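Hi everyone, thanks for coming. Let me put the model up on the screen and then walk you through it.

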Amino acid sequence: TVDLEPTDLEVLQLVATAPDRLEDRLLPALGVDLPTLRRLDAVGLLERERGGLRFRHELARHALESTVPPGGAPHLHARLLKALETVEPQEASVLTHHAVAAHDNLAAVRYAQEAAREAVIAGSHAEAAAFLETAVEYLEGAVPSVRARLLLQLSFELYMTSRLAEAIDTARSTFVLWR
């Protein structure tokens, strides 16, 4: 990768930042054109899998991810988040991952709540609780009633996963908020 243009290296870093793979449908939104893909294919680090690009070897992905300069990861995640928001269907769990990594608190809360709803529909209360914990963690400056409602949802999901003491404590924490 030493001889790569900075823009090509950034595309590799974007692929490294994507948790599973960088979906083909995101490439136009990220400004990745065919000549760039040809140059990256010549490097031999990437392969196409399930409609996206991924590294052939996990060690290569880690190596490229380690080349992201300090403070650069949130920028890459923000680019991926912006691209993901322009395509359908959207996966709330993936959007949550990138919003958190981009330090976009508002988007993190919104997508974590959506991911929690999807998890409840799928019957995965543990996953719903984890997403609601993320939403609570990134909820800043909300009016008390909004925070209380979110905490009550979390309390119920904790109850559904037999985390009873945490469920009770979470529900109790809403009392002062309701006042």
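This is a predicted model: local features need pLDDT of at least 70, side-chain atom pairs count only at pLDDT 80 or more; totals for chains, interfaces and linings use all residues.

Residues are numbered from 1 along each chain as its sequence is written, and side-chain values use heavy atoms, with hydrogens and water left out.

The chain has 10 helices and 3 strands; these are DSSP runs numbered from the N terminus, with helices being H or I of at least four residues and strands E of at least two. In sequence order the pattern reads α-β-α-β-β-α-α-α-α-α-α-α-α. The C-alpha trace spans about 60 × 30 × 30 Å along its principal axes.

Now, please look at α5 (residues 92-101) and α7 (residues 125-138), whose axes come within 12 Å and cross at roughly 30 degrees. Those axes are lines fitted to C-alpha atoms, for helices over the stretch in contact, with angles from 0 to 180 degrees between N-to-C directions. Which residues meet there? Ser93, Thr96 and Val100 in α5 meet Phe131, Thr134 and Tyr138 in α7, where contact means heavy atoms within 4.5 Å.

On to charges: the structure holds 16 salt bridges, each a side-chain nitrogen of Lys or Arg within 4 Å of a carboxyl oxygen of Asp or Glu. One of them joins glutamate 10 and arginine 79, with the closest N and O atoms 2.5 Å apart. This pair links distant parts of the chain, from glutamate 10 in α1 (residues 6-17) to arginine 79 in α4, 69 residues apart.

Finally, two backbone details. The peptide bond from glutamate 88 to proline 89 is cis, with omega near -10 degrees, and proline 89 lies in the loop between α4 (73-84) and α5. Arginine 50, in the loop between β2 (46-49) and β3 (52-55), has a positive phi near 45 degrees. Most residues other than glycine have a negative phi, and most peptide bonds are trans.The patch: Phe156, Tyr159, Met160 and Leu164 make about 410 Å² of nonpolar surface (over 30% relative accessible area, no salt bridge, side chains within 5 Å; 1.4 Å Shrake-Rupley probe).

How values were computed
Patches are made of residues with over 30% relative accessible area and no salt bridge: like charges are joined within 9 Å, nonpolar side chains (Val, Leu, Ile, Met, Phe, Trp, Tyr) within 5 Å.
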